[in-house]
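Visitor: I'd like to learn how the labels for a protein model are decided. Could you show me one and let me ask about the words you use?

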Amino acid sequence: MSNLITHLSFTRLKELAHSPLALKQYIEGGKTTTAAMTEGSLLDCLLFTPEDLEKRFLVIEKLSKATKEGKALWAWAEEEASAKEGQPAREIVTTEQLSEAQFLDTCIRQNSTVAFHGLLNPDFFKFQVPVSFKYGGFEHKGIKDADGERRDGQKVIWDLKKMGSRSGEGLVRSQIRNMEYDLQAAIYCHPYDSKNESVRYYVIAVDDDGFVTPFEITRDSREKARIRWNRLLKAAHRCNMENLDMGCEFWAEQDGFFYF
């Protein structure tokens, strides 16, 4: 595995937390794009960069690939959406998926917390902001959904999460812990937390029915996540330095510092 881990991100750290093999497969492109991932990207585009909708997505009517006509239309769509000279490939979505994303877009914009604090106001926030810093011997990269200041001047970073059927404080809190979004918050807030500068981090969770649940990940939660982050950094260094077998699904530090 020597020189394989060139940088880290929230997703890469989560894969490493599963196993070195999971990280290897992710880096090599072993993960396939799912409908949920495409729908999440579509919603992100509507919220943060609506001007890029036509450049990033090809919208078609829902079709059945089981029919001759459906297969022909799908082949046309794939060709139409493929990369052209000077233009990257587009993702294919249906009019139904677009309609559902537009509905969620409206629900988020009309949420009282989002509206009151101006979380989608370009005068207060920048969207899809790159993250890049060095920590623990690795470059860390990512994309913050939104970075700016609330109407009261408080520094805020927030991230949109689509949570299926989960809404309300209890279920959202459980999903945040389950998906380790505290770790993502720790990474995105690191440039401020490391200097003890005030920053608030919010997850804006939306479920399939349009219920929006804003949830703050506090400094205390981020510091607890940093402990796990540091352990994963140790694991990443060991992978690079000792060239561990990437086919090993489970391995552990001899001192019991952490386990996979």
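Visitor: How much volume does the second largest pocket have, and what makes it a pocket?

Guide: Its volume is about 200 Å³, counted as the space filled by probe spheres set on grid points that are joined across faces, edges and corners. It is a pocket because it is an open set of points on a 1 Å grid over the protein atoms alone, with protein on both sides within 12 Å along at least five of seven lines; a cavity would be a set where a 1.4 Å probe fits but cannot get out. Please remember that this is a predicted model, where local features need pLDDT of at least 70 and side-chain atom pairs count only at pLDDT 80 or more, while totals for chains, interfaces and linings use all residues. Residues are numbered from 1 along each chain as its sequence is written, and side-chain values use heavy atoms, leaving out hydrogens and water.

Visitor: Which residues line the second largest pocket, and how do you know that they do?

Guide: Lining residues have an atom within 4 Å of a grid point. Among those that pass here are T33, T34, A35, K62, E91 and I92. At least two lining residues come from each of α3, β2 (91–94) and α6 (95–110); these names follow DSSP runs, numbered from the N terminus, with helices (H or I) of at least four residues and strands (E) of at least two.

Visitor: How does that lining divide by class?

Guide: Two of its residues are nonpolar, five polar and five charged. Nonpolar covers Ala, Val, Leu, Ile, Met, Phe, Trp, Tyr, Cys and Pro; charged covers Asp, Glu, Lys and Arg; the others, Gly among them, are polar.

Visitor: What about the largest pocket: how much space lies in it?

Guide: About 1500 Å³. It is lined by 36 residues, and T11, M37, S41, D44 and K161 are the closest to its centre. With eight residues, α3 gives the most to this lining. By class, the lining has 11 nonpolar, 13 polar and 12 charged residues.

Visitor: Which residues of α3 meet α6?

Guide: On the α3 side they are E39, L42, L43, L46 and L47, and their partners in α6 include L98, A101, L104 and I108. Contact means heavy atoms within 4.5 Å. The classes here are eight nonpolar, two polar and three charged residues.

Visitor: And what makes α1 roughly perpendicular to α10?

Guide: The axes of α1 and α10 (residues 219–242) cross at roughly 75° and come within 10 Å. That angle is what makes the two helices roughly perpendicular. From α1, L13, L16 and A17 meet residues of α10, including W229 and L232. This contact divides into eight nonpolar, no polar and one charged.

Visitor: What stands out about phi of E180?

Guide: Phi of E180 is near 60°, a positive value in a residue other than glycine. Most residues other than glycine have a negative phi. E180 sits in the loop between α8 (169–178) and α9. N196 also has phi near 60°, and its place is in the loop between α9 and β6 (200–206).

Definitions and conventions. Axes fitted to C-alpha atoms, helices over the stretch in contact; angles between N-to-C directions. Parallel < 35°, antiparallel > 145°, perpendicular 65-115°, else oblique.
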